[in-house]
Amino acid sequence: MGRLRAVYGATFGRRRTLTFFAVLVVVSFALGSSTNFWLPLRLGYALLFTLVVAAAWTWLGGRGVRVQVSRAADRVQAGQAIVEQLEVRNDSRLPKLWLEIEQRSDLPDHARARVISLGAGRRQQWRQETVCRRRGLFTVGPVLVRSGDPFDLFHSEQRLGQPRQVLVYPQPLDLQHYAVPAANLHGEGRVSRRTHYVTPNAAGLRDYEPGDSMNRIHWPSTVRAGRLLVKTFEQDPAAQTWIVLDLHGAAHAGEGDDASVEYAVTAAASVARLFLDQGRAVGMTMLGRNLAKVEPDRGGPQLRRMLEALAVATPTGDVPLGRLLLQQSPRWGRQTTLVVITASPDPAWVAALLSLTARGVQASVIHLDLRTFGGGAGTEAIIAQLRAAGLQANVVRLGDQLAEVLASALPSGRAASAGERRQKAAVTA
């Protein structure tokens, strides 16, 4: 009984034209049989023949169709486009006058359905681009091929291909003036290693060699020496920078691109790229539904690992930031600098952070003003506590340009002036 109900729902329950034809056939035969008049009977046979032809047309319309989808990459950054090549082939001997091709996807703004016609043994291909405007893990596929008859009585649908996942990384921003306190490295005989990355630690000068980047030439020394000299850099194997991203559900607000978590993820990705470009060892920890940790490392592969973790970060955690800091505190010591990114107005996490700084851990905070994102509490009390303790804190509000807000802040909380930033840049150079 349930199967018959399902068949009825898929046919007469959804197709008004089919229902009208079926009722008209029944009425024609009933009227012809009761009156013994030839016209209703012939009309009934004609309508019944039309139904049979339409059903056969629809059934044959979806036979022998193949679809192939090729994609250049399954991982892109937000703002970039995924490029797909779709090819539909008709391997049957009958032409396909009406085929609707739709690729199912939960990726926002993905390409819509397309209606094509194919001759016997012919194929059609096209290229489509979808700009990925939001980070996350999305599914593309399978491909739905729908066909029907000219009277719109019957429809058939095939699912071809397998669903594939597309990972969209968050887009890191270019942070030119952001800096954090350096780790306190204890002991004597600090071991330094040369690196081909540009780091804050300038080691010296050497003669220019073919292949050296022009931006590494130290022009004042070049002028004095009369030959090209380039800067060399060294890395400190002991110092580590950890990014702590708060994914406690109660600590975030807002929806879509205006959600606080999107600002927090972008800030984390931008800070990670900045320090990795400087040759630092950077790690990251965050606690949403599960604890995610990326152990400290250097280089481009490390950035990809961190972006992969940030791409699927959601504020679904039930552990507040203060407890997370206490749980992970054994991992951090005097050789660690923490960058805490949170929107939590709960002062408990400030006490946990101050207990870490008392052990010699250096810390910097990026705090999102939850009130501007639709939350109930602001950031004033938290920032006052942090700045009273001499910690660097940057406040991010809805609509702010992160690259401008994340300019270096002095421990007193006073934003560094343009002259101070130029002086710092000159010393580094």
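**Note on the predicted model: a pocket, a sheet and a proline**

1. In this predicted model, the largest contribution to the lining of the second largest pocket comes from helix H5 (residues 260-277), which supplies three residues. The pocket holds about 410 Å³ of space, and its lining comprises 15 residues, with Gln171, Leu173, Asp257, Glu262 and Thr266 lying nearest the centre.

2. An open sheet is built from three strands in the order E1-E3-E6, with antiparallel pairing. Strand E1 (65-71) and strand E6 (123-131) are the edge strands, and each has a single partner strand, so one side of each is left without a neighbour in the sheet. From one strand to the next, the twist averages 20 degrees.

3. Within this sheet, strand E3 (residues 81-90) pairs with E6 in the antiparallel sense over nine bridges, and Glu87 stands opposite Gln125 in E6.

4. Pro315 lies in the loop between helix H6 (300-311) and helix H7 (321-328).

5. Although Pro315 and His248 are 67 residues apart in sequence, their C-alpha atoms are 5.6 Å apart in space. When neighbours within four places in sequence are left aside, the contacts of Pro315 are with Leu247, His248, Gly249, His252 and Val261.

Methods:
Residues numbered from 1 in each chain as written. Predicted model: local features only at pLDDT ≥ 70, side-chain atom pairs only at ≥ 80, totals over all residues. Heavy atoms only, no water. 1 Å grid on protein atoms, 1.4 Å probe; cavity = no way out; pocket = protein on both sides within 12 Å on 5 of 7 lines; lining within 4 Å. Points joined across faces, edges and corners; volume = space filled by probe spheres on them. Helix = DSSP H or I, 4+ residues; strand = E, 2+ residues; numbered from the N terminus. Pairing = 2+ DSSP bridges. Axes fitted to C-alpha atoms, helices over the stretch in contact; angles between N-to-C directions. Contact = heavy atoms within 4.5 Å.
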